[in-house]
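These are my notebook entries on one protein chain. I record what I looked up, entry by entry.

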Amino acid sequence: MVYELIPGAAQGECWTPKRLETLRQERLPQLQKAKQEDDNYEKRFGVKTSKITDIDNAGITAKADNANNQLAISSGENSIILNTRVMSLSKWATAKGAVIQPIDNRGFGSAEFWAPQIRPEGFSVTSQEKIDGGIRIKAELRLTEQQSPLLRDLIIRQTFDITDQCRQVTVTTELENDTGDEYPLTHHFGMRYHSMPALGEGTIELGDISFKRNRQHEMFSFGNKDFETVAGKVFEITNPPRPVNSPKVRFATDKFSANLQCEPENQLAGFCLWDSNRQLTTSFEPCFLKKSLNNGELTTYKIKMIIKD
């Protein structure tokens, strides 16, 4: 198709620069609103980039390995590796030996769910900062419909505080329902933390209870029947639940002892252990009572482990 422009008088409507500017001003609010909606959509659902960098503070040094999604952290003879894809420690050791024995890079601190059963991965690091006594690493993940139809648009924010020369790790987990006003969904879930302490032939002390590995699946329960039924199936537990009445946990081995604290204590449902003769150690999983979050609501959980000797 060929157009020919020839001199002459204008025919039909004439769009002068002034008229075009008037039209632009008339439609500007609508255009700005559309742009804001696009920006909001990109912020919520756009591809997140994640890059970790070296950081050091208070005698703790962290070296970034972006190719393998991990941060190698050390202080003296104590060392930690944080896998930023699953936001879990994949190594924790002192001069005496290993503190955890991870499986699939999950050794301590990963936020998971016993209801519905899901193990999130694909976190993006959002910040690294220096704090009193150490360093802090933050990351987040938005669950998709494919990852969990029941928990779509649940935002999981993980914060790792590593302090006391790599002898204390505090994990704070914030969960936010961000399903939005157009298609709101109430989230119902039971949260748990996954950990793999290097227990060896040591003991787990739960208040006045002292438990030694028996290479079986076990449950320690505060008495919630729904938890005992549902989590019992998830962890394939055939033994009766063992009653427990204290949230205080201590790991005692020939190489280290450590205290474990979970919050909120009044929301603890119990502790589940997955173990067998094929494993180097048992898993130890603090589980919280089921909770419901409406659109726009959030809740927070925390786990802290402190090496004592």
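Entry 1, terms and source. I take helices (H or I, at least four residues) and strands (E, at least two) as DSSP runs, numbered from the N terminus. I count two strands as paired if DSSP finds at least two bridges between them. The model is predicted, so I note that local features need pLDDT of at least 70 and side-chain atom pairs count only at pLDDT 80 or more, while totals for chains, interfaces and linings use all residues. Residues are numbered from 1 along each chain as its sequence is written, and side-chain values use heavy atoms, with hydrogens and water left out.

Entry 2, strands. I looked up E14 and E15 and found a hairpin with 2 residues between the strands. Gly 207 in the turn has a positive phi of about 65°. The two strands pair in the antiparallel sense over 4 bridges, and Ile 204 has Phe 211 in E15 as its bridge partner. I then followed E14 to strand E18 (residues 249-252): these strands also run antiparallel, joined by 4 bridges. Here Leu 206 has Val 249 in E18 as its bridge partner.

I use the term for a side-chain nitrogen of Lys or Arg within 4 Å of a carboxyl oxygen of Asp or Glu. Side chains of opposite charge can pair when their charged atoms come close. How many salt bridges does a search of the whole structure find? It finds 23.

I looked up Glu 201 and Arg 215, whose side chains meet in a salt bridge at 3.1 Å, N to O. This pair links distant parts of the chain, 14 residues apart: Glu 201 is in the loop between strand E13 (187-195) and strand E14 (203-206), and Arg 215 is in the loop between strand E15 (209-212) and strand E16 (218-221). For accessibility, buried means under 20% relative accessible area, exposed over 50%, and partly exposed in between (1.4 Å probe, protein chains only). Glu 201 is exposed, at 52%, and Arg 215 is partly exposed, at 27%.

Next I looked up Arg 213 and Asp 275, which form a salt bridge with the closest N and O atoms 2.8 Å apart. They lie 62 residues apart, Arg 213 in the loop between E15 and E16 and Asp 275 in the loop between strand E20 (268-273) and strand E21 (285-288). Are these two residues buried or exposed? Arg 213 is buried at 9%, and Asp 275 is buried at 3%.

Arg 106 and Glu 112 meet in a salt bridge of 3.1 Å, N to O. Arg 106 is buried at 4%, and Glu 112 is buried at 0%. Both belong to a network of salt bridges that also links Arg 85, Arg 119, Glu 121, Arg 192 and Glu 285.

A nonpolar core is a set of buried Ala, Val, Leu, Ile, Met, Phe, Trp, Tyr and Cys residues joined through side-chain atoms within 4.5 Å. The largest has 59 residues, of which Ile 73, Trp 92 and Phe 108 touch the most other members. A second, separate core of 11 residues includes Trp 114, Met 219, Ile 237 and Ala 269.

I found Asn 68 in the loop between strand E2 (60-65) and strand E3 (70-75). Asn 68 is partly exposed, at 45%.
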